[in-house]
Structure formats: structure tokens, C-alpha cells
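Subject: Structure handover

Hello,

Here is the structure for you to look through. My notes on the helix packing and the domains follow below it.

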Amino acid sequence: MAMTLFQHVRQRHNADLAALINAIADGAAAIEAKIRIAGLGDVLGAAGNENIQGEQQQKLDVFANDTLTDVMKALPTVAAVVSEEDDQPLIFTDRPNAKFIAIFDPLDGSSNIDVNVNVGTIVSIQGVKPGADARAAILQPGSEQVAALYVNYGPSTILVYTAGKGVHAFTLSGGEFLLSSEDMLMPEQGTYYSMNEGNIGDSEKVYGKAIDRFRDGTLVGQKYSSRYVGSFIADFHRTLLKGGVFLYPPTKKAPNGKLRLLYEANPLSFIAEQAGGAASNGRYRILEITPTEPHMRTPLVIGSLSEVSAVGGLITITPRE
Ligand code: AHM
Ligand code: MG
């Protein structure tokens, strides 16, 4: 039988991280069971409240958030939890030996759930020294992440993680995540660009220019096709496997970009870099940005090295001081 997720993390890293990632995977398995029967019960639709981002919470958002939060509450190694769905971080003050901070988007792309399109769970795991201020430790640059993972609830349910020694994928089978790809590498160049092209007129001009040049083959020396699901995990997973680039620029509606630094851009940038890819906010490497607040947003250009560098060349990436 293929190696389990727990065995893999314990072999390559350590038992505490293996227990944490395994518990998150159990939570994801519960979320996937709910997603699989979404059309049958009282599971689809809005829950009737808005989250901190002013977005309608779907019933499944609430279920996924409660499931993952309960997982973290039960783990004595977790010092704090930050969720897209909760205004304030949850700090566990009675755990002097806790050493992880779990930061997650419990159900990304949830507006797609009613139309049976892929959704995902994204988790960033940061470290905090025992006894240190967990609240302050939340605002670390992404380069300090201990691990990052996502779960893609698609035709199969696939969990992809890195803890700094490569990127590995596990497929859910019989309630267990089993190793399906080890030491994954993103192609250095792909054939797809991925952006919500409805935003071109409302974005900085350089993004429209980049898309034009992907299309006519003058940016990276070949013509590109377009792919955009509108679920970040689905668009990222394709980019990890096939290469290419995903872009979410600053727009009139979202002047700082739409995606969130701590629980969307950071974990997937860690995974992209570990797979040989790259991620920038148009100016700086994503993983070097120091967050100013837990729900901060960022523009994002993520994917293969060739395309991210080419877009960066247009945008003129400025070295950090
Ligand atoms: P969410 O966290 O509220 O689900 O929003 C994030 C989603 C991403 O999955 C996706 O990449 C993006 O929003 C799509 O945005 P748009 O519909 O503006 O193209
Ligand atoms: Mg999201």
C-alpha cells in the first residue's frame, strides 16, 4: 500500500508536524464528505451572514470553518488560529508549549460550490517559540512558514503539502490520504495564462499588456492559451502540474488585489517555490512581504519561473531595500 500522509511527514520532518497535518487532513476528509453530497441535503446556499471581507458566507464555508477550528482546538501544539471566516484570530493562552500557528481559508472558491465546480482548503502553518506572543507571531513574512498545504476537492480529492523539503501530493482513498506524487516540480514554462479577463480594463495597464503579449507570443516566445476556473486552488493546481501563470492584479474594485496574503498567497507561494516556480506581488517576492494585518490582500503573479519573470520584467520588479 502507498505511504500515508502521516507516515510521510513523520519520516521527512517530525512527529508533531505529522500529527498537525494529519489532523488537518482528517478535517478535510470530513469537509469532502459534506461536499460530495452537497446537492442532497440542506448544504448548499448562503448561511445568511457576511464574513469580515463583506462576502456572503455559504453554509459550507461555515461547516468547513467550524470543522477546522475544532481540529485546532483539540491540538495542544497549536497556539493560535487565523481563519478567513473569522474577524479576529483565536489565541489559546493556556498552552505554554504550543509551537504552531494555523492560518487557513477553510473553503476557497466557495461561490463555485452551487455549480459543482472545484473548491479547496488552504492552510499555512507558522512557528512560534514556546511562551512567545502568538498574536505578534501571526504577522511574520511567508518565508518563515513551517509548512503549507492545500486540498483540492475535484474529481479526486488531492492534498498537496510542503514543509520545506519538496512538494508532495496525496489522494484521498477510503478515508486515508495516500502518497500519489513525490517531489513534484512545476514545469519551467507552460502554455496557459490564467486571469479574470473581465478585469483587464480595470487593472494596471501592464497586466493587459502582459496578456496581449502572452496571446501573440511575444512575451515568452510562444503563443499561450487561456484557462480560468475562478477557484484559486483549481487554477493553482493546474499551474503546478502543467506550468504557466496565474495573475490577480490590483483592480479598481480591489486596489490591493483580491487574494489574501496570509492564507492564500503565502501558502501557495511556498508550494510554488518548493516546486521550482515563483510568486510575486508585481514588485516583490511574495514570501518577503511583512504582513500588516491578518486579512491583508495582495496582488499575485504565481507560476512557472519563465512566465512570472517575464511579467515581472514588464512590471519592473524593484529590489527590496
Ligand atoms: P474566496 O476566498 O471568497 O472564495 O475568494 C477567492 C476566490 C479565489 O478562489 C479565486 O481565484 C478568486 O476568488 C476569483 O475571483 P474573481 O471571481 O474576481 O475572478
Ligand atoms: Mg479564499
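**Helix 1 against helix 2**

Helix 1 (residues 5-12) packs on helix 2 at an angle of about 155 degrees, and their axes are 8 Å apart. Axes here are lines fitted to C-alpha atoms, for helices over the stretch in contact, and angles run from 0 to 180 degrees between N-to-C directions. Helices are DSSP runs (H or I, at least four residues), numbered from the N terminus.

Please note that this is a predicted model: local features need pLDDT of at least 70, side-chain atom pairs count only at pLDDT 80 or more, and totals for chains, interfaces and linings use all residues. Residues are numbered from 1 along each chain as its sequence is written, chains are lettered from A and ligands numbered from 1 in the order in which they are written, and side-chain values use heavy atoms, with hydrogens and water left out.

Helix 1 and helix 2 are therefore roughly antiparallel (angles over 145 degrees; under 35 counts as roughly parallel). Their crossing is right-handed, meaning that the near helix is turned clockwise from the far one by less than a right angle. From helix 1, L5, F6, V9 and R10 take part; they meet A15, L17, A18, A19, I21, N22 and A25 in helix 2. Contact means heavy atoms within 4.5 Å. By class, nine of these residues are nonpolar, one is polar and one is charged. Ala, Val, Leu, Ile, Met, Phe, Trp, Tyr, Cys and Pro count as nonpolar, Asp, Glu, Lys and Arg as charged, and the others, Gly among them, as polar.

**Helix 2 against helix 3**

Helix 2 (residues 15-36) also meets helix 3 (residues 59-73): the axes come within 9 Å and cross at roughly 155 degrees. This pair is therefore roughly antiparallel. The crossing of helix 2 and helix 3 is right-handed. The contact has 12 nonpolar, two polar and one charged residues.

**Helix 6 against helix 7**

Helix 6 (residues 232-242) and helix 7 (residues 261-274) pack at about 15 degrees, with axes 12 Å apart. That makes the two roughly parallel. Helix 6 passes helix 7 in a right-handed crossing. F232, I233 and F236 of helix 6 touch E264, L268, I271 and A272 of helix 7.

**The two domains**

The chain divides into domain 1 (5-181) and domain 2 (192-310); these bounds come from an automatic or database domain assignment. Their C-alpha centres lie 22 Å apart. In contact are 44 residues of domain 1 and 30 residues of domain 2. About 2700 Å² is buried between them, 64% of it from carbon and sulfur atoms. Buried area is the accessible area (1.4 Å probe) that two parts lose on being put together, summed over both.

Best wishes

Note on methods: Parallel < 35°, antiparallel > 145°, perpendicular 65-115°, else oblique.
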